[in-house]
Every structure is written in structure tokens, then in C-alpha cells.
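Subject: Structure for you to look at

Hi,

Here is the structure I promised to pass on. Have a look at it first, and then read on for what turned up.

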Amino acid sequence: DNEKINEYIEVLDRQSIRLKKLIEDLVEASKASSGTLSVELEKCNLAVLVNQAVGEFSEKLEANNLQVVQSVESQDIYIMADGRRLWRVLDNLLNNIYKYALGGTRVYINLAKEQNRAIVTFRNISKYPVNKSELLNVFINLSIRS
């Protein structure tokens, strides 16, 4: 019944979930670097994945006064990918935008087809100064499959 104890329990719960995720990420990164990461390719609609990821982050981005400007060339861009792994990539990119983008600016997310490729582009302005040599445009370039 003690409020302070309940607050500590909530903090411990949040931190244990965060630690579990960090450990899982570390194990996954280790598998990826050693070449033992299992990948289960399946036909995925990239437009749907991108829209869902942006939708999940919309409240957080709005809370940081970030306006998402999305350009999706087609709602049917199919690729062969491990949907779960690709979701993690999108989740990490949007989480970094949430953490490091300058509030009051726009976040540009583009999805286009180019020949037999799907190109997803994320652009934002950093809240911290960066050298030109450190600037990074994130492009995800994937093969389209019918």
C-alpha cells in the first residue's frame, strides 16, 4: 500500500524490461556478426510495414513536436524479407528519430520503387550539432519480389 514502494516496483519493472531488451539485442547482434542469425524470408508488403511502424510511433513523435511527412509511391510494394527482423530495423530507426530529432521539425519518410528495388528513406534534423562528415541519410534498399 505504500506509494513509494509501488513507485520503486514500477521503476524496477520498467528497467528490467529495458535490460531484457538490451540483452536480447546484444545476443541478436552477436548472432548477426557471427553469421548465425536465422532469417525466415517471406513475402512482405513493405508499404504496410512502414505505415504500421510510423503509426506506432505517431504519438511519441507528436509529443516531441515532430511532424511526419510520408510519401508512399504505392500501397503494394512486396519484398522478400524476414518481417520480424525488418520490423526491428524500422522500429530502431523511428526510435532514434524520436530520441535525437530536433523538435518542431519535420521527419521525412519516403517509400518508392526504382526498377526492381524498393527504397525506404528516413530524413530528419538532429537536435545536436553534427559535422558534415557525420551526417547520415538512412536508405534501405530492398529487392522487390512478385
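Let me start with a question: is Arg-85 buried or exposed? Arg-85 is buried, with a relative accessible area of 16%, which puts it under the 20% cut-off for that label. Its side chain meets that of Asp-82 in a salt bridge, at 4.0 Å from N to O. Asp-82 is buried as well, at 10% relative accessible area. Please keep in mind that this is a predicted model, and that every value here is computed from it.

The structure holds 2 salt bridges. The other pair is Lys-20 with Glu-24, where the closest N and O atoms are 3.6 Å apart. These two residues sit 4 residues apart in helix α1, so about one helical turn separates them. Lys-20 counts as exposed, at 53% relative accessibility, while Glu-24 is partly exposed, with a relative accessible area of 42%.

Now for the overall layout. The protein chain has 3 helices and 6 strands, and along the sequence they follow the pattern α-β-α-β-β-α-β-β-β. Of its 146 residues, 25% count as buried. Among contacts with a separation of 6 or more, 76% are between residues 24 or more positions apart. The chain exposes about 10,300 Å², and carbon and sulfur atoms supply 51% of that area.

Ala-81 and Glu-42 are 39 residues apart in sequence, yet their C-alpha atoms are 5.5 Å apart in space. Leaving aside residues up to four places away in sequence, Ala-81 touches Glu-40, Leu-41, Glu-42, Cys-44 and Leu-86. Ala-81 is buried, with a relative accessible area of 8%.

The largest share, 6 residues, comes from α1. By class, the lining has 7 charged, 3 polar and 3 nonpolar residues.

Methods. Residues numbered from 1 in each chain as written. Predicted model: local features only at pLDDT ≥ 70, side-chain atom pairs only at ≥ 80, totals over all residues. Heavy atoms only, no water. Buried < 20%, exposed > 50% of the residue type's maximum accessible area, 1.4 Å probe, protein only. Contact = heavy atoms within 4.5 Å. Areas by Shrake-Rupley, 256 points an atom, 1.4 Å probe, with all protein chains shown as cover. Nonpolar A, V, L, I, M, F, W, Y, C, P; charged D, E, K, R; others polar.
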